[in-house]
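Welcome to a guided tour for your viewer. Open the structure, get ready to select residues, and follow along one stop at a time.

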Amino acid sequence: MEHVAIEAVDDAANPLAEHEVRKPVSRALGTDHLAMNYFDLSPGESFSGGLHAHHDQEEVFYVVSGTARFEVGRDRESVTVGPDEVVRFAPGEFQTGGVPAAADEGVVAIALGAPGASHDWDALDSVVYCRECEAEHVHETRPVEDGQFRFTCTGCGYEFAL
């Protein structure tokens with residue numbers, strides 16, 4: 001058995017500076033088959049860096065307090081998730097979420113991913129604007145040095161890092 005208080009888990013904020021408080025609870029617990037992150041987002045912050053899909057994990061977000069807004073699919077359908085509500089994203093389903101900048105309050109939420117305590121970076125794609133194609137395309141997304149990410153356009157092969 002492992003036990004940890006959320007407040008005792010160190011912050012591991014997104015390298016893209018999308019939020020200030022993300023606590024990787026699964027890392028503190030040493031889980032092998034489940035990823036769990038605690039988020040405390042302020043207005044204008046997001047869970048991730050943009051529209052993305054984990055092809056090897058499903059994700060579930062439980063909103064403890066506040067109201068989060070998620071965009072789902074390439075058409076970016078908007079879904080609002082309030083306190084004590086849960087939303088699930090299937091493996092391969094594009095999604096992003098956070099707190100609108102104009103919101104009156106932040107969001108506290110728990111994100112769960114399975115299977116695996118972390119996802120396979122070879123199974124992560126992001127939808128971003130390609131400077132070469134001059135359009136939004138799916139990009140393979142990989143971590144690189146200094147906490148940045150390398151994006152490779154699946155349409156033309158153009159690469160860049162953030």
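Is E71 buried or exposed? Select E71 and look around its side chain. Its relative accessibility is 19%, and since buried means under 20%, E71 counts as buried. Keep in mind as you go that this is a predicted model.

**Stop 1: a chain of charges**

R69 counts as partly exposed, because its relative accessibility is 36%.

With a relative accessible area of 31%, R76 is partly exposed.

Next, which residue forms a salt bridge with R76 at 2.8 Å? Select E136: the closest N and O atoms of R76 and E136 are 2.8 Å apart. R76 sits in the loop between β5 and β6 (77–81), while E136 belongs to strand β11 (residues 135–143), so this pair ties together parts that are 60 residues apart in sequence. E136 is partly exposed, with a relative accessible area of 39%.

Show R69, E71, R76 and E136 together: salt bridges with shared partners join these four into one network. The structure as a whole holds seven salt bridges.

**Stop 2: a pocket beside the network**

Two strands, β5 (68–72) and β8 (95–98), each supply at least two of the lining residues. Sorted by class, the lining has three nonpolar, four polar and three charged residues.

**Stop 3**

How many cavities of 30 Å³ or more does a search of the whole structure find? The search finds one. The volume of the largest cavity is about 30 Å³. To find this spot, select A53, H54, Q57, E59, F89, A90, G92, E93 and Q95, which line the cavity. Three of these lining residues are nonpolar, four are polar and two are charged.

**Stop 4**

Strands of a sheet pair through backbone hydrogen bonds, either parallel or antiparallel. Here, five strands form an open sheet in the order β1-β2-β9-β4-β7, with antiparallel pairing. Select β1 (22–24) and β7 (85–89) to find the edges: each has a single partner strand, so one side of each is left without a neighbour in the sheet. From one strand to the next, the twist averages 20°.

Now zoom in on β2 and strand β9 (residues 107–114). These strands run antiparallel and are joined by seven bridges. For one example, select M36 and look across to β9, where its bridge partner is L112.

**Last stop: a loop residue**

Where is G30 found? Select G30 in the loop between α1 (25–29) and β2 (35–41). At 51% relative accessibility, G30 counts as exposed, because exposed means over 50%. To finish, draw a distance line from G30 to H52: their C-alpha atoms are separated by 25 Å, and the two residues are 22 residues apart along the chain.

Notes
Residues are numbered from 1 along each chain as its sequence is written. This is a predicted model: local features need pLDDT of at least 70, side-chain atom pairs count only at pLDDT 80 or more; totals for chains, interfaces and linings use all residues. Side-chain values use heavy atoms; hydrogens and water are left out. On a 1 Å grid over the protein atoms alone, a cavity is a set of points where a 1.4 Å probe fits but cannot get out, and a pocket is an open set with protein on both sides within 12 Å along at least five of seven lines; lining residues have an atom within 4 Å of a point. Grid points are joined across faces, edges and corners, and a volume is the space filled by probe spheres set on the points. Ala, Val, Leu, Ile, Met, Phe, Trp, Tyr, Cys and Pro count as nonpolar, Asp, Glu, Lys and Arg as charged, and the others, Gly among them, as polar. Helices (H or I, at least four residues) and strands (E, at least two) are DSSP runs, numbered from the N terminus. Buried means under 20% relative accessible area, exposed over 50%, partly exposed in between (1.4 Å probe, protein chains only). A salt bridge is a side-chain nitrogen of Lys or Arg within 4 Å of a carboxyl oxygen of Asp or Glu. Two strands pair if DSSP finds at least two bridges between them. Axes are lines fitted to C-alpha atoms, for helices over the stretch in contact, and angles run from 0 to 180 degrees between N-to-C directions.
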